[in-house]
Number of protein chains: 2
Amino acid sequence: MSEKKAVVLLSGGLDSTTVAAIAQQQGFAVYALSFDYGQNHRIELDFAKRVAAKLGVREHTVVAVDLRSFGGSALTSDVPVPKHRTAEAIGHGIPITYVPARNTVFLALALARAESLGATDIFIGVNALDYSGYPDCRPEFIEAFERMANLATKSGVEGRTRITLQTPLILLSKAEIVKVADKLGVDFRLTHSCYDPDPDGRPCGACDSCLLRRKGFEEAGVVDTLLS
Amino acid sequence: MSEKKAVVLLSGGLDSTTVAAIAQQQGFAVYALSFDYGQNHRIELDFAKRVAAKLGVREHTVVAVDLRSFGGSALTSDVPVPKHRTAEAIGHGIPITYVPARNTVFLALALARAESLGATDIFIGVNALDYSGYPDCRPEFIEAFERMANLATKSGVEGRTRITLQTPLILLSKAEIVKVADKLGVDFRLTHSCYDPDPDGRPCGACDSCLLRRKGFEEAGVVDTLLS
């Protein structure tokens, strides 16, 4: 039987690290893909490299693609990242940390990598519950992308290989993700969730992403070793 | 009335140049987007710049995105570009000049640019008739991408702006495209179609793209001033 290959989008965050561990547990040879897209929190790439090394993935590639020149987000400009928002505020509307069409661009590049590798699966750690209200994290977006992907590619047209988008976290709460990660032995100290870390990569503790992470660990009853 | 903005994918080829001219004729402020993606025929970017200047587009951006490291195509590797193929051969199967998921990546970046600009339309010069058999030039791919795009974006979700993919050439023959371009006053000398030009940008005359171009001009009864 030939080897199963998967492209896994890896930011170095808790969610994508957990997804990479899941893909490995499912027997895939993991080809991790990270993006140097002009993000202020570029230090996440250092975390992604350490996560990839710890997991022992088959390959880890960092692709440069300049989304900063397009603007439109606090993550790729000097616009301040919102801090200390309540859970209710986080749950409503699309915040300024949304990067225009980011997951579409990342998945398109993952599709290009998958097709050139002959990989059948693309894993992405999107989550539609405890998330920041991003449109490109919803199941209907993922389904539409998968449909498009199988019309876009040579392998799809020739009927040889179908591309499947795997979103194992999409319907989990943050607490459930923490529990899955803990069970798989994810080293939380190597993961990075903050939108606005200090120059050494230490989390701010107050952006939406830090708040959601803290809430998840608290509800799961698991210690976040990144903070301890 | 507010200005209509369109993102136009511009390679500097005959088709995309014609599409940019069409978008301008329709009253759009044109934001042209070209890609430095690791193509061997990178010289096309010089043509794209001259075309953009001649048309007087609002903005012309060249985005770097490395598809060469992924491989899988004669256009991004040392694999030779096929030459002197017959019209029958060109019409069958997907050739080695196909770049995995290229139009998906280009359209994803166009979507990111469109959303950050507040543009409503994306123009792409794909063609499903006299083309090279690429899966990502077919109407069903374009429709699936448009559907996905309107689920992917903030503007789509908030119901403010719908993104429309405009493919004015999709059902035209190459001869019909030449006639449209001629009518719009496209300066053919500034356009570039060849997959394997010499170092000065002169076309090889024998790749699929050169052969399709020549056939188009002959059938249209128009002189290709690039060659004269």
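Predicted model: local features only at pLDDT ≥ 70, side-chain atom pairs only at ≥ 80, totals over all residues.
Chain A contains eight helices and five strands. Read from the N terminus, its elements follow the order β-α-β-α-β-α-α-β-α-α-β-α-α. The C-alpha trace of chain A extends over about 50 × 40 × 30 Å along its principal axes. A compact globule of 228 residues would have a radius of gyration near 17 Å, and the 17 Å of chain A agrees with this. Of these 228 residues, 53% count as buried. Among the contacts in chain A with a separation of 6 or more, 72% are between residues 24 or more positions apart.

One backbone detail in chain A is at A:Ala101. This residue is not a glycine, yet its phi is positive, at about 55 degrees. A:Ala101 sits in the loop that runs between α3 (87-90) and α4 (102-117) of chain A. Is A:Ala101 buried or exposed? A residue counts as buried when 20 or more other C-beta atoms lie within 10 Å of its own; A:Ala101 has 30 such neighbours inside 10 Å and therefore counts as buried.

B:His84 belongs to the loop between β3 (59-64) and α3 (87-90) of chain B.

The next topic is where the two chains meet. On the side of chain A, 37 residues are in contact with 37 residues of chain B. The elements of chain A that give two or more residues to this side are β3 (59-64), α4, α5 (139-152) and α6 (154-158). Which of the elements gives the most? It is α4(A), with ten residues. By class, the residues on the side of chain A that touches chain B comprise 22 nonpolar, eight polar and seven charged.

Within chain B, two helix pairs share α7(B). In one of them, helix α1 (residues 14-25) packs against helix α7 (residues 174-183) at an angle of about 45 degrees, and their axes are 10 Å apart. Angles of 65 to 115 degrees would count as roughly perpendicular and those under 35 as roughly parallel; α1(B) and α7(B) are therefore oblique to each other. The crossing of α1(B) past α7(B) is left-handed. From α1(B), the contact involves B:Leu14, B:Asp15 and B:Thr18, and from α7(B) it involves B:Ile177, B:Val180 and B:Ala181. These residues are four nonpolar, one polar and one charged.

The other pair is α7(B) with helix α8 (residues 208-220) of chain B, whose axes come within 7 Å and cross at roughly 70 degrees. That angle makes α7(B) roughly perpendicular to α8(B). The crossing of α7(B) past α8(B) is right-handed. On α7(B) the contact residues are B:Lys174, B:Ala175, B:Ile177, B:Val178 and B:Lys179, and those on α8(B) include B:Leu212, B:Arg213, B:Phe217 and B:Glu219. The contact of α7(B) with α8(B) has six nonpolar, one polar and five charged residues. B:Ile177 takes part in the contact of α7(B) with α1(B) and also in that of α7(B) with α8(B).

Technical notes: Residues numbered from 1 in each chain as written. Chains lettered and ligands numbered in written order. Helix = DSSP H or I, 4+ residues; strand = E, 2+ residues; numbered from the N terminus. Rg over C-alpha atoms; globule rule 2.2 N^0.38 Å. Buried ≥ 20, exposed ≤ 12 C-beta atoms within 10 Å, placed from the backbone. Contact = placed C-beta atoms within 7 Å. Axes fitted to C-alpha atoms, helices over the stretch in contact; angles between N-to-C directions. Parallel < 35°, antiparallel > 145°, perpendicular 65-115°, else oblique. Left-handed = near helix turned anticlockwise from the far one by under 90°. Nonpolar A, V, L, I, M, F, W, Y, C, P; charged D, E, K, R; others polar.
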